[in-house]
Amino acid sequence: MRSIQRSLSLGLVAALVILSLLLLQTSLWLFEAGLRRTLATDLRDETEGLLIALVPGGDGVQLDAQRINPRYQRAFSGHYFRIDVADRTWRSRSLWDVDPAWPSSAGLSDGLIDGPQSQRLMAYRAEYQRDGEIIHISVAQDYTPVLDSFAQVRLGGFGLVLLFVLILVLLQRYAVKAALRPLEQARQQVAQLQQGQRQQLEVRAPVELQPLIEQINHLLSHTDNTLKRSRHALGNLGHALKTPLAVLGSLVQREELSAHPVLRRRLKEQLSQIQHRVSRELTRARLAGDVLPGAHFDCAAELPPLLDTLRMIHQRDIALRWTAPPACRLPWDREDMLELLGNLLDNACKWARSAVTLTIAEEADGYRLLIEDDGPGIEFAERARVLERGTRLDQHVDGQGLGLGIVRDILAAWHGELSLGTSALGGLSVHIRLPRSQPALG
Amino acid sequence: MRLLLVEDNVPLADELLASLSRQGYATDWLADGRDADYQGSSEPYDLIILDLGLPGKPGLEVLRDWRARGLATPVLILTARGSWAERIEGLKAGADDYLTKPFHPEELLLRIQGLLRRAHGLANQPLLQAGGLELDESRQLCRKQDQEIELTAGEFRLLRYFMLHPGQLLSKSQLAEHLYDGETERDSNVIEVHINRLRGKLGRELFETRRGQGYRFGGAA
């Protein structure tokens with residue numbers, strides 16, 4: 001996965017290293033160029049000193065040893081010369097028996113030349129004219145100490161660059177971390193959103209993130225509002241359809257129709273089919289499915305009122321109990337979950353003798369819901385048929401059944417699974433497995 | 001038993017009024033939420049049937065306001081809004097029962113019976129029992145010591161009210177308020193006549209007269 005931290009660090013380190021090395025090398029070059037110029041001046045002065053040491057003697061010019069700097073006398077001292085006048089040549093004693101490749105043109109030599117004892121020499125050649133004679137004077141100086149110190153400076157420079165880069169990378173890590181903290185918070189909040197632990201992202205964020213967070217919040221509330229609006233519209237539609245159906249249902253009971261029992265029966269059949277279809281489709285249309293990332297069902301807040309409602313509707317002495325992990329929040333839409341549990345518990349209450357229990361358990365990859373009653377239960381051979389009937393709407397005429405149709409719709413939207421079994425209480429147990437919805441990111 | 005029906009759909013209200021009247025309930029009908037808000041708490045109803053989608057004021061708000069004012073009358077919500085979330089809302093607002101449209105007319109009548117009995121602290125039994133009598137509300141028959149006794153509509157309504165209030169002193173005006181809807185002329189002589197007929201059919205000792213105060217049902221109880 002790409003990380004902003006890593007790409008930033010990589011970019012910074014690369015830029016820093018290249019820039020520092022370039023800077024180091026350039027300054028070394030400039031320094032060396034300056035050094036060479038100074039050295040050239042020094043060497044020219046040396047040639048002039050040597051020129052002065054050339055004095056007229058008996059047979060032509062003589063080199064006056066008194067006027068020569070003593071360092072040209074000490075062997076391999078690092079300072080050397082060679083003087084050519086007409087057919088005579090003087091070489092400094094310091095050269096001993098070595099004859100370096102003196103430059104052939106005037107001025108500073110292009111490169112370094114090899115000297116004695118693996119010295120590297122900077123050479124300078126000058127031409128003078130005195131008394132009609134042309135005098136060539138070449139001097140050389142050992143350049144190795146300068147090279148050595150340059151190498152040392154370069155090494156030190158590398159070390160410094162390394163240290164700087166290290167410090168900068170650490171500083172940058174800290175700075176990036178500080179700058180990205182709101183992003184990390186946003187990431188955590190989005191994760192919480194996914195788990196249904198919050199409905200909106202918090203608005204405290206830096207300017208750069210603000211539009212993103214606002215947009216997400218806007219989208220969330222927009223989806224929420226759209227769902228509410230469509231549920232409200234469906235409620236109105238239901239009202240508009242179901243009230244006339246109630247009137248028809250009552251009209252069919254009229255005395256006048258008692259004389260036509262077949263007609264009454266067929267009317268009733270058709271009416272009940274319409275009723276069933278309308279209820280089922282309207283309920284299905286109300287489902288949120290997994291549209292809302294912030295959706296959640298707070299067990300402790302929602303279950304007691306649901307059980308109270310069931311007690312009110314059934315008006316029988318049924319012990320309704322529920323157990324769930326503490327602070328249990330199921331990451332699904334509240335109304336969908338109420339519809340699922342309401343229908344299943346309603347069924348259980350219809351068949352139960354005296355007790356219905358709901359157990360919610362959290363697992364590694366989702367949740368497990370168990371609805372048990374102590375009613376007659378369903379024979380093993382019958383179970384498949386009951387499940388089947390829930391799915392085949394058109395054949396499912398009577399309103400009683402197990403009401404599993406809508407339950408199946410909800411489970412299909414959530415990728416849940418339903419199975420029937422025998423409960424510990426003696427009746428039917430409905431076992432539901434709900435996989436945790438996969439977070440959209442990460 | 002005097003009922004208030006709050007329902008804005010006229011055909012359904014007509015049907016319900018006819019069916020309720022056949023069952024011996026005196027029913028007032030209102031279609032507007034604001035009227036219901038006022039009349040529900042000013043008239044002595046025994047039970048209120050409330051639709052939720054009302055013009056003027058939503059049914060749930062009407063119910064909340066009634067409960068906030070301390071109205072204890074049992075309320076049955078009769079609505080097309082059948083989702084569990086909405087049922088829970090209804091219960092939280094203070095409903096005593098919730099029936100979703102469309103419904104079987106008998107289902108509504110059974111729920112009204114059950115709700116009235118619960119409201120009067122009577123156990124949920126198939127027949128209304130009090131003072132040694134059993135009342136079959138669907139057939140409007142009274143049973144005394146395994147003997148079935150036919151009742152007229154007026155007698156049935158009166159006896160049911162007495163049986164839901166056993167041992168309580170009931171004045172004539174109180175009986176009149178609960179047996180007739182708001183539009184019927186109330187004649188206390190009619191009540192007297194019905195009581196005398198009931199005494200003739202079921203036994204004098206069951207209906208005790210307290211002079212200047214009213215009647216008490218339950219005999220020896």
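In helix α2 (residues 33-42) of chain B, the buried residues are G33(B), A36(B), D37(B) and G40(B). These four residues cover an arc of only 105 degrees around the axis, so they lie on the same side of α2(B); the arc is that of the directions from the helix axis to the C-beta atoms. An α-helix has 3.6 residues a turn, so residues three or four places apart point the same way. A residue counts as buried if 20 or more other C-beta atoms lie within 10 Å of its own, as exposed if 12 or fewer do, and as partly exposed in between, with C-beta atoms placed from the backbone. Helices (H or I, at least four residues) and strands (E, at least two) are DSSP runs numbered from the N terminus. The cover over the buried residues of α2(B) includes β1 (2-6), β2 (26-30), β3 (47-50) and α3 (59-68) of chain B.

The model is predicted: local features need pLDDT of at least 70, and side-chain atom pairs count only at pLDDT 80 or more, while totals for chains, interfaces and linings use all residues. Residues are numbered from 1 along each chain as its sequence is written, and chains are lettered from A and ligands numbered from 1 in the order in which they are written.

Chain B contains eight helices and twelve strands, and 45% of its 221 residues count as buried. Chain A has eight helices and 15 strands; of its 442 residues, 25% count as buried. Two residues are in contact if their C-beta atoms, placed from the backbone, lie within 7 Å. Among contacts in chain B between residues at least 6 apart in sequence, 59% join residues at least 24 apart.

The largest nonpolar core has 103 residues, and the members that touch the most others are L3(B), V6(B), L50(B), L76(B), L159(B) and M163(B). A nonpolar core is a set of buried Ala, Val, Leu, Ile, Met, Phe, Trp, Tyr and Cys residues joined through C-beta atoms within 7 Å. Another core, of 18 residues, lies apart from the largest one and has L43(A), I83(A), M122(A) and Y143(A) among its members. Leaving aside neighbours within four places in sequence, L76(B) is in contact with L47(B), I49(B), D96(B), D97(B), L99(B), R111(B), I112(B) and L115(B).

R2(B) belongs to strand β1 of chain B. With 21 other C-beta atoms within 10 Å, R2(B) is buried. Its C-alpha atom is separated by 7.7 Å from that of D28(B), which is 26 residues away along the chain.

Two strand arrangements in chain B were examined, with strands taken to pair if DSSP finds at least two bridges between them. Strand β8 (residues 141-144) and strand β9 (residues 147-150) of chain B run antiparallel and are joined by four bridges. C142(B) has I149(B) in β9(B) as its bridge partner. Two residues lie between the strands of this hairpin, in which Q145(B) takes a positive phi near 45 degrees. Two bridges join β10(B) to strand β12 (residues 214-217) of chain B, and L170(B) stands opposite Y215(B) in β12(B).

Between the chains, 25 residues of chain B are in contact with 28 residues of chain A. On the side of chain B that touches chain A, α1, α4 (84-93), β5 (97-100) and α5 of chain B each supply at least two residues. The most come from α4(B), which gives six residues. By class, this side of chain B has eleven nonpolar, eight polar and six charged residues. Here Ala, Val, Leu, Ile, Met, Phe, Trp, Tyr, Cys and Pro count as nonpolar, Asp, Glu, Lys and Arg as charged, and the others, Gly among them, as polar.

Helix α3 (residues 210-251) of chain A has 42 residues and reaches 61 Å from its first C-alpha to its last, close to the 62 Å expected at 1.5 Å a residue. The expected span is 1.5 Å times one less than the number of residues in the helix. Among the buried residues of α3(A) are I213(A), G235(A), L245(A) and V247(A). Their cover includes α2 (144-194) and α4 (261-286) of chain A, together with α1 (10-22) and α5 (105-119) of chain B.
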